[in-house]
Amino acid sequence: MTRETAVQNRTDATATDSHLPNLVTIVGRGVPSNYELTVDGDLEMLADDPVAEGTVMAGGVAEGAIDVGVQRFRFSGRMANVRLVDWNGDEAPDSPSVPTVHVEYGAPNR
């Protein structure tokens, strides 16, 4: 990597951090579950192809499914709503099987 490329990558990361400074991570627990995230700003999934991940994005809303693994989203503004439902239709916190959600404001771009 050339010095110029390194500087450009650092500049791109800083631009992303300032535009979408926050991070939400959904961690599957091995049980098919659905989620819906809503933010009061912009929302972007950190995936090459959100549709291939089974995620529908529209404005500040993302709806998708997860059973194992991790899905990450960067966003601006504040988290407005998170809804988690397991395969039986039981919502968090009534179901121990729904994914865990971690929200980090001002998260560095890794």
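Mentor: One term to begin: a salt bridge is a side-chain nitrogen of Lys or Arg within 4 Å of a carboxyl oxygen of Asp or Glu. Also, this is a predicted model: local features need pLDDT of at least 70, side-chain atom pairs count only at pLDDT 80 or more, and totals for chains, interfaces and linings use all residues. Residues are numbered from 1 along each chain as its sequence is written, and side-chain values use heavy atoms, with hydrogens and water left out.

Trainee: How many salt bridges does the structure hold?
Mentor: One. The side chains of Arg-83 and Glu-91 form it, at 3.1 Å from N to O.

Trainee: New topic. What order do the strands of the open sheet take?
Mentor: The order is 3-6-1-8, with antiparallel pairing. Strands are DSSP runs (E, at least two residues), numbered from the N terminus. Two of them pair if DSSP finds at least two bridges between them.

Trainee: Which strands stand at the edges?
Mentor: Strand 3 (43-45) and strand 8 (100-104). Each has a single partner strand, so one side of each lacks a neighbour in the sheet.

Trainee: How many bridges join strand 1 to strand 8?
Mentor: Five. In one of them, Thr-25 is partnered with His-102 of strand 8.

Trainee: And where is Pro-50?
Mentor: In the loop between strand 3 and strand 4 (56-58).

How values were computed:
Helices (H or I, at least four residues) and strands (E, at least two) are DSSP runs, numbered from the N terminus.
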